[in-house]
Amino acid sequence: MSMREVFDQNPNRRYIMYGGKGGLGKTTFSAATAYWLAKQGFKVLVFSVDPQASLSDIFKRDIFGKGPVEIMPNLFAQEIDADQRIREYQDEIRQKIRDMYGMTEIPEEIENYIQSVAAEPAMEESAIFDEVVDIVGSNEYDYYIYDLVPLGHALYYLSMASVYDQWIDKITGLRTEMEEYSKVANVMQRDKETEEDQILKELQFIKHRINVSSGILTDKLKTAFFFVVTPEEMIILDTKKASDLFAKFDVPLAGYIVNRVIPAELSGENIPAYLVNRMEMQTTYLKEIDEVFAGQVLARVPEFERDITGLPMIERVANEMFGGKK
Amino acid sequence: MNFKLTVSQITRTAGGFTRAFGDMVYGASVYEIVRGLHKERSHLEHLFILIVFGDIVGIPVLPPYYTLRLLPYVVPNINGWKRSLLRERDLTDLCDQEIT
Ligand SMILES: Nc1ncnc2c1ncn2[C@@H]1O[C@H](COP(=O)(O)OP(=O)(O)OP(=O)(O)O)[C@@H](O)[C@H]1O
Ligand SMILES: [Mg+2]
């Protein structure tokens with residue numbers, strides 16, 4: 001199979017992700033896929049879930065915190081400004097407290113809490129996690145391409161979804177039981193109906209948000225998850241381990257793309273010894289990749305003479321991935 | 001007293017209240033029952049706040065982004081919660097239900 005066939009045969013897979021270790025080419029392939037799909041006439045959004053996003057670099061344009069920015073016809077890119085979102089959200093919470101209790105000032109203890117929660121390391125990630133729900137929920141695009149963080153984080157992101165789902169069930173259970181007590185007490189006292197437990201409603205809302213995110217990640221019909229691998233011993237080993245783990249989380253693996261393959265044409269030329277050596281190693285590891293991920297390698301992308309930035313370079317990568325212009 | 005409750009311990013603790021309540025119903029006046037119900041509920045309320053907002057469980061319970069969302073609803077309880085934490089007896093009561 002080729003990349004093009006994977007996309008042609010699965011038009012419902014609208015959520016596209018590239019996983020892989022740091023620096024292998026996830027952002028590059030995300031941008032190239034977005035470019036290729038946009039050229040095919042689809043409306044595409046590529047967005048970054050990485051607080052250290054690099055879409056601005058690859059598109060040579062500052063898009064940070066500006067919402068979806070049109071890069072070319074049909075192609076939009078977005079980098080989430082988590083800090084901004086957190087600040088606005090803190091203000092919303094403060095306002096809600098003032099409204100609910102008719103306060104003019106937030107009690108010091110509560111204010112301290114609001115600030116300390118925002119300073120937690122997981123705050124940024126969970127704020128982005130939440131924004132993604134809005135992004136993919138908008139339904140404005142034919143394709144949503146996630147520019148993912150390196151593997152460790154992506155796994156954390158995945159496990160977070162399944163852990164929190166269970167937790168919310170437990171907490172909701174506790175809350176439901178509390179409501180039962182109040183109900184019974186009110187009936188016995190012949191009170192009006194219990195006011196609905198707002199917290200229970202919020203918990204269900206949160207559960208819904210988390211389910212949307214994790215649901216997409218594991219939806220075989222709607223999601224394609226590709227791994228980026230390079231012809232190096234350690235990378236192959238780590239990728240194998242990671243893909244086994246991802247499979248445990250039911251992530252629908254669509255295939256592997258090999259990046260940074262030194263073009264074979266070079267070998268005929270007069271090249272330095274170290275490169276000859278590297279190419280021999282590469283031949284071994286390319287063979288290994290074909291064995292370890294048998295039948296699932298969708299494309300080999302050559303090592304280019306320079307970094308991939310700007311649309312003309314992105315186009316070259318896209319042509320390598322999808323096999324030239326259609 | 002070790003406050004690192006596990007998920008199942010917490011739910012079992014909550015279940016413990018249900019059983020305790022069942023035992024209590026026979027031979028009590030309506031007034032006593034209602035008071036009992038409110039008491040049980042406020043126990044659970046404390047437990048809930050401890051789980052969601054107090055960092056006693058050892059793992060982050062909710063993504064912090066969502067914890068903040070629940071904060072407005074527990075504002076009136078935050079003071080009481082701090083006090084009951086200090087009184088510690090309350091907390092050991094809660095935990096002793098199932099853990100010991
Ligand atoms: N085939 C290639 N030829 C030349 N340079 C490449 C190639 N693929 C990627 N690069 C360069 O390698 C660097 C890392 O690529 P990229 O940012 O896409 O990796 P990443 O997996 O997204 O990294 P991170 O894990 O940090 O997000 C970039 O400077 C990119 O331009
Ligand atoms: Mg990247």
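This section describes the domains, aromatic pairs, nonpolar cores and selected residues of a predicted model.

The domain assignment divides chain A into domain 1, which covers residues 3–84, 122–153 and 223–322, and domain 2, which covers residues 88–117. Taken over C-alpha atoms, the centres of domain 1 and domain 2 of chain A are separated by 41 Å. Chain B contains four helices and zero strands, and its pattern along the sequence is α-α-α-α. Of the 100 residues in chain B, 50% are buried. Among the contacts in chain B with a separation of 6 or more, 68% are made by residues 24 or more positions apart. The accessible surface of chain B amounts to about 4900 Å², and carbon and sulfur atoms account for 54% of this surface.

A pair of aromatic rings is described by the distance of the centres and the angle of the planes. Over all chains, the structure holds 19 aromatic pairs. One of these is the edge-to-face pair of Phe7(A) and Trp36(A), with 6.1 Å from centre to centre and 70 degrees between the planes. This pair links distant parts of the chain, since Phe7(A) belongs to helix H1 (residues 3–9) of chain A and Trp36(A) to helix H2 (residues 26–39) of chain A, 29 residues apart. Phe7(A) counts as buried because its relative accessibility is 6%, under the limit of 20%. Trp36(A) is likewise buried, with a relative accessible area of 5%.

A second pair is formed by Phe47(A) and Tyr146(A), whose ring centres lie 4.7 Å apart.

Elsewhere, Lys43(A) is placed over the face of Tyr141(A), at 5.0 Å from the ring centre.

In soluble globular proteins, nonpolar side chains tend to be buried together. The largest nonpolar core of the model has 77 residues, of which Met3(A), Phe59(A), Tyr146(A), Phe226(A) and Met321(A) touch the most other members. Helix H2(A) gives the most to this core, contributing eight residues. Apart from this core lies another one, of 42 residues, which includes Ile86(A), Val34(B), Leu37(B) and Leu62(B). When neighbours within four places in sequence are left aside, the contacts of Tyr146(A) include Tyr15(A), Ile16(A), Met17(A), Tyr18(A), Ser30(A) and Phe47(A). Val49(A), Val132(A), Val136(A) and Ile216(A) are also in contact with Tyr146(A).

Ile145(A) lies in strand S5 of chain A. Ile145(A) has a relative accessible area of 0% and is therefore buried. Between Ile145(A) and Ala31(A) the separation is 114 residues in sequence and 8.3 Å in space, C-alpha to C-alpha. Residues up to four places away in sequence not being counted, Ile145(A) touches residues that include Ile16(A), Ser30(A), Thr33(A), Ala34(A) and Leu37(A). Val44(A), Leu45(A), Val46(A) and Phe47(A) are also touched by Ile145(A).

Glu111(A) is part of helix H5 (residues 108–119) of chain A. With a relative accessible area of 17%, Glu111(A) is buried. Residues up to four places away in sequence again being excluded, Glu111(A) touches Arg94(A) and Ile106(A).

Most residues other than glycine have a negative phi. Lys60(A), although not a glycine, has a positive phi of about 55 degrees. Lys60(A) lies in the loop between helix H3 (55–59) and strand S3 (69–72) of chain A, and is exposed, with a relative accessible area of 56%. Arg260(A) also has a positive phi, near 60 degrees. Arg260(A) is found in strand S7 (residues 253–261) of chain A. The relative accessible area of Arg260(A) is 38%, so this residue is partly exposed.

Conventions
Residues numbered from 1 in each chain as written. Chains lettered and ligands numbered in written order. Predicted model: local features only at pLDDT ≥ 70, side-chain atom pairs only at ≥ 80, totals over all residues. Heavy atoms only, no water. Phe/Tyr/Trp six-rings, centres within 6.5 Å; stacked < 30°, edge-to-face > 60°. Helix = DSSP H or I, 4+ residues; strand = E, 2+ residues; numbered from the N terminus. Buried < 20%, exposed > 50% of the residue type's maximum accessible area, 1.4 Å probe, protein only. Lys NZ or Arg CZ within 6 Å of the ring centre and 35° of its normal. Domains from an automatic or database assignment. Contact = heavy atoms within 4.5 Å. Areas by Shrake-Rupley, 256 points an atom, 1.4 Å probe, with all protein chains shown as cover. Core = buried A, V, L, I, M, F, W, Y, C linked by side-chain atoms within 4.5 Å.
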